[in-house]
Amino acid sequence: MGDPFTVRIAVRGYELDTQGHLNQAVYLQYAEHARWECLRAAGISQDRLIATGVGPVALEVTLRYLRELRGGDEVDVSCEFHWGEGRTFRIEQDYRRLDGTQVATVTGVGGLLDLSTRRLVADPRERFRQLATDPGPLRL
């Protein structure tokens, strides 16, 4: 299926903790940024989602730290959707320094929430396929 969607992020000084490495919460922000950029690359904006009455939700997130990131480092954060048959899907994300060193991983379970019924959409894969102008980044 090709390489997963990836976005490059530079670690900014104000994102560091008192030990001088990237604050733990910021890793989750980077993951969220990569997911939204992946959707955007597929032609799905936040406005488009809201206009169609749905929004992505995180149901479970696991973050595993492997190496530290420090101010000025650059990191590539990937985003790879794995579709099943039910109301949920998995997302795997990998953080790598430019030299290829793995820094962290995020795995999660997500769904697509119907904003009027406040219930998960029965087939998020198909709904994303309908919304996407380029389904490639979502592996559809």
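F128 has a relative accessibility of 1% and therefore counts as buried, where buried denotes under 20% relative accessible area, exposed over 50%, and partly exposed the range in between (1.4 Å probe, protein chains only). The model is predicted: local features need pLDDT of at least 70, side-chain atom pairs count only at pLDDT 80 or more, and totals for chains, interfaces and linings use all residues. Residues are numbered from 1 along each chain as its sequence is written, and side-chain values use heavy atoms, with hydrogens and water left out. Helices (H or I, at least four residues) and strands (E, at least two) are DSSP runs, numbered from the N terminus.

F128 forms an aromatic pair with W83. Rings of Phe, Tyr and Trp (its six-membered ring) pair if their centres lie within 6.5 Å; planes under 30 degrees apart count as stacked, over 60 as edge-to-face and the rest as tilted. For W83 and F128 the centres are 5.7 Å apart and the planes are at 55 degrees, a tilted arrangement. The pair links distant parts of the chain, with W83 in strand β3 and F128 in helix α3, 45 residues apart. W83 has a relative accessibility of 15% and so counts as buried. Ring pairs join F81, W83, F89 and F128 into a cluster.

The structure holds eight aromatic pairs. In one of them, the ring centres of Y27 and Y65 are 5.1 Å apart and the planes stand at 85 degrees, so the pair is edge-to-face. This pair also links distant parts of the chain: Y27 belongs to helix α1 and Y65 to strand β2 (residues 54-65), 38 residues apart. Y27 is buried, with a relative accessible area of 3%, whereas Y65 is partly exposed at 42%.

The largest nonpolar core has 34 residues, of which Y30, I44, V77, F81, Y95, F128 and L138 touch the most other members. A nonpolar core is a set of buried Ala, Val, Leu, Ile, Met, Phe, Trp, Tyr and Cys residues joined through side-chain atoms within 4.5 Å. Two or more residues are contributed to this core by each of β1, α1, β3, β4, β5 (102-114) and α3 (124-131). The largest share, seven residues, comes from α1. In soluble globular proteins, nonpolar side chains tend to be buried together. Apart from its neighbours within four places in sequence, I44 is in contact (heavy atoms within 4.5 Å) with L39, L49, F128, L131, A132 and L138.

Helix α1 (residues 24-41) comprises 18 residues and spans 26 Å from its first C-alpha to its last, close to the 26 Å expected at 1.5 Å a residue; the expected span is 1.5 Å times one less than the number of residues. Its buried residues are V26, Y27, Y30, A31, A34, R35, E37, C38 and L39. The N-terminal end of α1 is capped by N23, with a side-chain oxygen 2.8 Å from the backbone nitrogen of A25. G43, which follows α1, has a positive phi near 90 degrees.

Eight of the 10 residues of strand β3 (residues 74-83) are buried, so the strand is largely enclosed by the rest of the structure. Strands are taken to pair if DSSP finds at least two bridges between them. β3 pairs in the antiparallel sense with strand β1 (residues 5-10) over six bridges, and C79 is the bridge partner of F5. β3 also pairs in the antiparallel sense with strand β4 (residues 88-97), over seven bridges, with F81 opposite I91. β3 and β4 form a hairpin with four residues between them.

D94 lies in strand β4 and, at 17% relative accessibility, counts as buried. Its side chain makes a polar contact with the side chain of R96 (2.6 Å). A polar contact is a pair of N or O atoms within 3.5 Å; within protein, one must be able to donate a hydrogen and the other to accept it, and residues adjacent in sequence count only if both atoms are side-chain atoms. Outside the four places in sequence on either side, D94 is in contact with D76, V77, S78, Q102, A104 and T105.

Most residues other than glycine have a negative phi. R118 has a positive phi of about 60 degrees although it is not a glycine, and R139 likewise has a positive phi, near 60 degrees. R118 is located in the loop between β5 and β6 (119-120) and counts as exposed at 51% relative accessibility. R139 is found in the segment after α3 and counts as buried at 12%.
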